[in-house]
Amino acid sequence: MDQNRFIAIDVETTGFSPSRGDRVIEVGAVVVEHRRIVDEFQSLVNINKSIPRSATLIHGITNDMLDGQPAAEDVYPKLRTLFSDATLIAHNAQFDIRFLRHEFGRMGFGFDNRYLCTLQICRKRFPRLPNHRLETVCRHLFGLQDEGVQMHRALDDARMTARLWLKMMKR
């Protein structure tokens, strides 16, 4: 693994459990090399399955938004190449990794990237915060969010995770 290459990731899903048929419908990734953001990847994923209203209420992704978007078979080979030997970073990594491992498995790909969880790190570093949601920690470290940031959208959450990671690496 390249210790100078990290990828902040986030996924949006149809629910909470891939073992119950829930799927990834959006993926965002921000590539950090030598402590600098150098690339980004974002894609909606058309899974040809209806998104439950409860999920849409969280991330705002609708069935209509997935029409005409790439299928999983088009998205995951690109992600596999992007991830190659990088360490992945996610806020609540077990959730994202569980879904990505499932989706990669559906394609017949292995998934053995090392990963780090900024949620776990933040709980240790900032024990006095009222909670450790990504937006709370970022507000604590950076102040108010940019108005253009859409919470619970994969690329914006991956961007915030990358910024958080870079800030924690400086400490």
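1. Buried here means under 20% relative accessible area, exposed means over 50%, and partly exposed sits in between (1.4 Å probe, protein chains only). By that cut-off Ile51, at 6% relative accessibility, counts as buried. Ile51 sits in the loop between β3 and α1 (53-59), where helices (H or I, at least four residues) and strands (E, at least two) are DSSP runs numbered from the N terminus.

2. A word on the ground rules: this is a predicted model, with local features needing pLDDT of at least 70 and side-chain atom pairs counting only at pLDDT 80 or more, while totals for chains, interfaces and linings use all residues. Residues are numbered from 1 along each chain as its sequence is written, and side-chain values use heavy atoms, with hydrogens and water left out.

3. Back to Ile51 for its surroundings. Contact means heavy atoms within 4.5 Å. Not counting residues up to four places away in sequence, Ile51 touches Thr14, Ile25, Thr56, His59, Ile61, Thr62, Asn63 and Leu66. Asp64 is 13 residues from Ile51 in sequence and 9.9 Å from it in space, C-alpha to C-alpha.

4. Now the overall fold. I get seven helices and five strands, and the order along the sequence is β-β-β-α-α-α-β-α-β-α-α-α. The radius of gyration (over C-alpha atoms) is 16 Å, in agreement with the value near 16 Å for a compact globule of 171 residues; the globule rule is 2.2 Å times the number of residues to the power 0.38. Along the principal axes, the C-alpha atoms fill a box of roughly 45 × 35 × 25 Å.

5. Among contacts with a separation of 6 or more, 66% are between residues 24 or more positions apart.

6. Which residues have the most contacts inside the largest nonpolar core? They are Ile7, Ile9, Tyr76, Leu79, Phe83 and Leu100, in a core of 36 residues. The elements giving two or more residues to this core are β1 (5-13), β2 (24-33), β3 (36-44), α3 (72-83), β4 (87-90) and α4 (93-106). For the record, a nonpolar core is a set of buried Ala, Val, Leu, Ile, Met, Phe, Trp, Tyr and Cys residues joined through side-chain atoms within 4.5 Å. Beyond four places in sequence, the partners of Ile9 include Phe83, Leu88, Ile97 and Leu100. There is also a second, separate core of 20 residues, with Phe126, Met160, Leu164 and Met168 among them.

7. Helix α6 (residues 134-142) has Leu134, Glu135, Thr136, Val137, Cys138 and Leu141 buried. The cover over the buried residues of α6 includes α5 (118-125) and α7 (154-170). Just after α6, Gly143 takes a positive phi of about 85°.

8. Glu103 deserves a look. Setting aside neighbours within four places in sequence, Glu103 is in contact with Arg23, Val24 and Tyr76.

9. Ser17 is another one to check, in the loop between β1 and β2. Ser17 is buried too, at a relative accessible area of 15%. Its contacts, leaving aside neighbours within four places in sequence, are Asp22 and Phe99. Ser17 and Phe95 are 78 residues apart in sequence, yet 8.8 Å apart in space, C-alpha to C-alpha.
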